[in-house]
Amino acid sequence: MPQPWQPAATLAVLAARARLLARIRAFFADAGVMEVETPIASRAAATDPALESLATVCPGLADSRLWLHTSPELAMKRLLAAGAGPIYQICKVFRGGERGRRHHPEFTLLEWYRPGWDYRRLLVEVAALVRVALDRPELAAEVLTYRAVFLDRLGLDPMGADIETLRDAARGSGIAGAADLALDVDGWLDLLLTHRIESGLGRGRLTFLCDYPPSQAALARIRAGDPPVAERFELYLEGMELANGFTELTDAAEQRRRFRCDLQRRADAGLACPPIDEALLAALEAGLPPSAGVALGVDRLLMIATGSLHIDQVLAFPVERA
Amino acid sequence: MASYSTNEFRAGLKIMLDGDPYAIVENEFVKPGKGQAFNRVRVRNLKTGRVVEKTFKSGDTVEAADVHDTQMQYLYNDGEHWHFMDQESFEQITADANVVGEAAKWIKEQDLCNLTLWNGVPISVEAPNFVVLVITETDPGLKGDTSGGGGKPATLETGAVVRVPLFVQIGERIKVDTRSGEYVSRA
């Protein structure tokens, strides 16, 4: 059956999207943060084993294979290294294999960077931005650590827990089919977080979950301590994850090590292994100022602004009718 | 053996779990901000009708269940088995009481039923949505009552008991909705 030609979102929701984007741009204009654009299609791609980049071919280029970005992070850090100062970008990003009520393979990301800030300072600005974007100045915010939430909700210390402990916790908490899953430590933590914790986060307030296990650092700086933690936060509102931010890793050697480690895990899992972003590593070697950065899902923010339960309700043309 | 990746999961897809055929009722893609994605599904056991939840790691594959629905004509019951016939190939198959289940209350010879076959063997039988059956037993209704209010039990030729309006009498043919087990009208 052919898909309808009409948009999936109502015109009222599309108008709400336009207003949301205008508020975001006004917020950053007031804050003195510069809007930038970086390439959607690049020669390098994200190495994160949990992300699947889309690839395309540009006829006429000597090296014709290009990857669609999963976030503008790598290119924006090169701008930071070049001395751009505080910058933001609103752009479409692409992630293969992600489709559901809260996922669409092409979505709108708001990403911004604050040189000289750390993640704790940045999350305060994230809360301010969300209040302005939703026009809800009274919206409260709380900051919880990853460890405290696991201890509080599951009576489980996620730091240093072994596979057996986590698997037993998942089975014991009644996650159907947990017994049949083969996961690593982070996979079990992700299962517990998404199935037993996430839906209760951010009810009537902004909940920032922070200080992740170092194994889930992605591109965040790791703070030494007992236990060491990744200086990373995620924002939840009404049980939905809205944003992910870091104190950025600025160490080129450590970044190269993580890229290689990611690629090894990708190869082990039989996933495509795109080229490492050597330009980013060169920029880190030249010197990335200490910075904090965050990416926020604009479509999900619009879902909350409009009370939509499915991402298709806020998209003009979801992929099935694109 | 055919298999499906979780990327292909959608409502209605037939998969094998723990040796039984299931149909996916609902599929939810769940992924934390960074990290492992999962597919949380609700599946219906096609043999028992029971709906359960199950979580898969996204990207995993599951064996496909060779299940399809077909319309067949009910021929007769030999006391132990119900016999059905494919009207195009004239192939006949039998089903026992476990498989026929509730449908046994409603079907009579010549009725067209929906059968679900797994590896060619019937695992469930669905009666037609509406059947017309003769009343074999019911109390005489109050004279002059045509409102249909109140009602009384009536036994049908297949043995099923339904509530009917007071004015409906023994020997009359009535139309019944087999999904709700309710009287619809005189037929």
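**Figure 1. A:L183 and its contacts in both chains.** In this predicted model, A:L183 touches A:I163, A:W188 and A:L191 as well as B:Q36, B:F38 and B:K57, leaving aside neighbours within four places in sequence. Contact here means heavy atoms within 4.5 Å. A:L183 sits in the loop between helix 5 (163–172) and helix 6 of chain A. Helices (H or I, at least four residues) and strands (E, at least two) are DSSP runs, numbered from the N terminus. Is A:L183 buried or exposed? With a relative accessible area of 10%, A:L183 is buried; the word stands for under 20% relative accessible area, with exposed over 50% and partly exposed in between (1.4 Å probe, protein chains only). From A:L183 to A:G202 the C-alpha to C-alpha distance is 27 Å, and the two are 19 residues apart in sequence.

A word on conventions: residues are numbered from 1 along each chain as its sequence is written, while chains are lettered from A and ligands numbered from 1 in the order in which they are written. Local features need pLDDT of at least 70 and side-chain atom pairs count only at pLDDT 80 or more, whereas totals for chains, interfaces and linings use all residues, and side-chain values use heavy atoms, with hydrogens and water left out.

**Figure 2. Where chain A meets chain B.** Here 29 residues of chain A are in contact with 18 residues of chain B. The area buried between the two chains is about 1,900 Å², and carbon and sulfur atoms give 54% of this; buried area is the accessible area (1.4 Å probe) that two parts lose on being put together, summed over both. On the chain A side, A:A176, A:D190 and A:H195 lose the most area to chain B, together 22% of what that side buries.

Figure 3. B:K54 forms a salt bridge with A:D180, with the closest N and O atoms 2.5 Å apart. Helix 6 of chain A gives the largest share of the side that touches chain B, 6 residues.

**Figure 4. A:V130 and the largest nonpolar core.** This core holds 44 residues, and A:V130 is one of those that touch the most other members, as are A:F28 and A:W112. A nonpolar core is a set of buried Ala, Val, Leu, Ile, Met, Phe, Trp, Tyr and Cys residues joined through side-chain atoms within 4.5 Å. Helix 3 (residues 119–134) of chain A gives the most to this core, with 9 residues. Not counting residues up to four places away in sequence, A:V130 touches A:L139, A:L206, A:L235, A:L296 and A:L301. Apart from this core lies another, of 41 residues, including A:I87 and A:F259.

**Figure 5. A:I311, after helix 9.** A:I311 lies in the segment after helix 9 (298–306) of chain A. A:I311 counts as buried because its relative accessibility is 2%. Beyond neighbours within four places in sequence, the contacts of A:I311 include A:R99, A:H103, A:D299 and A:M303.

How values were computed: A salt bridge is a side-chain nitrogen of Lys or Arg within 4 Å of a carboxyl oxygen of Asp or Glu.
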